[in-house]
Amino acid sequence: MNPLCFTVIISIRECNFALNTLVGFIFFSYDQINMASSYVLFMLSLCLASTTKFALGGNFYTDFNILFGDNRANIQDGGSNMSLAMDKSSGSGIATKNEYLFGRFDMQMKLIPDNSAGTVTTFYLSSQGPNHDEIDLEFLGNLSGDPHILSTNYYANGTGGREIQFYLWFDPTQDFHTYSIDWNPQRIIILVDNIPIRVMHNRENIGVPFPTSQPMKVYATLWDGDFWATRGGKVKIDWSKAPFIAGFRNFNANACIAGPEGSSCMGFNGGRNKGLDAQIRKHLKEIHSRWVVYDYCRDFIRFAHGFPSECRKNKHT
């Protein structure tokens, strides 16, 4: 689906109000429409004149470029499905043509079956340069029968090291599951099958960097990580099992495409507590009590002299 264009001369909230009001006019008489507020019509005209683009939907053919691996990145079914393969010569990866500043990004993935030890399959956002921002979902390969680990992390201004790793409560090699990144200036939510598993709040007020200004592309990759991925690098890739293949489908972006002035996206997808009601917070606590296998905020060896500032805050609020 091609991106749709709206105006950000005014706020996104005002655009939404104008558009929703216009839809409501369908049910009114001609005289009632003539009585419509000139403010609403003026706001709508500004919206329709916009140069800011919003992505709705997604297609692997039209929205992505092959990053590496050549035909190991295999796009199928008109761009709705894609597979990444890795052999001893190379892995593979793709990246979006556009850069985004805030939005929600969904990807359905089916991980490598059987013995995938040493492989890393990823879905993430990243900007460019040494002081880059990044929001990571990395699926660490495993020996057959071992639990599957999803490692999450984020970088801001080139600083990362905020890993939280989860055991998945299902077998991600048997079917496709939906993994999502929901990003706005106030918080980031990582979701699995629409269940939030991690929330990262903006703590810039206490000196913790947060990704708010650098537009990012969407990436999907499969690569050799056997120096660290499985049991700390003790288990290596069994190349007799190659090629390793992971499936991707139904990519969806509801996001602001960054233009020359990234500030035009600042109102998009906003809200510190958007998507975080009391029930969701309860689920988050349950997920963290049952499925977290590593949390940097509990790593007493790594932070023997004191935890980072954000670790002293309640991660579920």
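Cys256 and Cys265 form a disulfide, with their sulfur atoms 2.0 Å apart. The criterion for a disulfide is a pair of cysteine sulfur atoms within 2.5 Å. This is a predicted model, where local features need pLDDT of at least 70, side-chain atom pairs count only at pLDDT 80 or more, and totals for chains, interfaces and linings use all residues. Residues are numbered from 1 along each chain as its sequence is written, and side-chain values use heavy atoms, with hydrogens and water left out.

Back to the cysteines. The torsion about the S-S bond of Cys256 and Cys265 is about -70°, so this disulfide is left-handed. Cys256 and Cys265 are both buried; buried means under 20% relative accessible area, exposed over 50%, and partly exposed in between, with a 1.4 Å probe and protein chains only.

How many disulfides does the rule give? The count is two. In the other one, Cys297 and Cys311 have their sulfur atoms 2.0 Å apart, and the link is left-handed, with -75° about the S-S bond. Cys297 and Cys311 each lie in the segment after strand 17 (292-295), so the pair ties together parts that are 14 residues apart in sequence. Strands here are DSSP runs of E, at least two residues, and helices are runs of H or I, at least four, numbered from the N terminus. Cys297 counts as buried at 10% relative accessibility, and Cys311 counts as buried at 16%.

Next, the aromatic rings. A search of the whole structure finds 15 aromatic pairs. In the pair of Phe300 and Phe307, the ring centres are 5.1 Å apart and the planes are at 80°, so the pair is edge-to-face. For Phe303 and Phe307 the centres are 5.9 Å apart and the planes at 45°, so that pair is tilted. The cut-offs: rings of Phe, Tyr and Trp (its six-membered ring) pair if their centres lie within 6.5 Å, with planes under 30 degrees apart counted as stacked, over 60 as edge-to-face and the rest as tilted. Tyr296, Phe300, Phe303 and Phe307 form one aromatic cluster.

Last, a proline. Pro172 sits in the loop between strand 11 (164-167) and strand 12 (177-183), and is buried, with a relative accessible area of 0%. Leaving aside neighbours within four places in sequence, Pro172 is in contact (heavy atoms within 4.5 Å) with Met109, Lys110, Leu111, His148, His177 and Tyr179.
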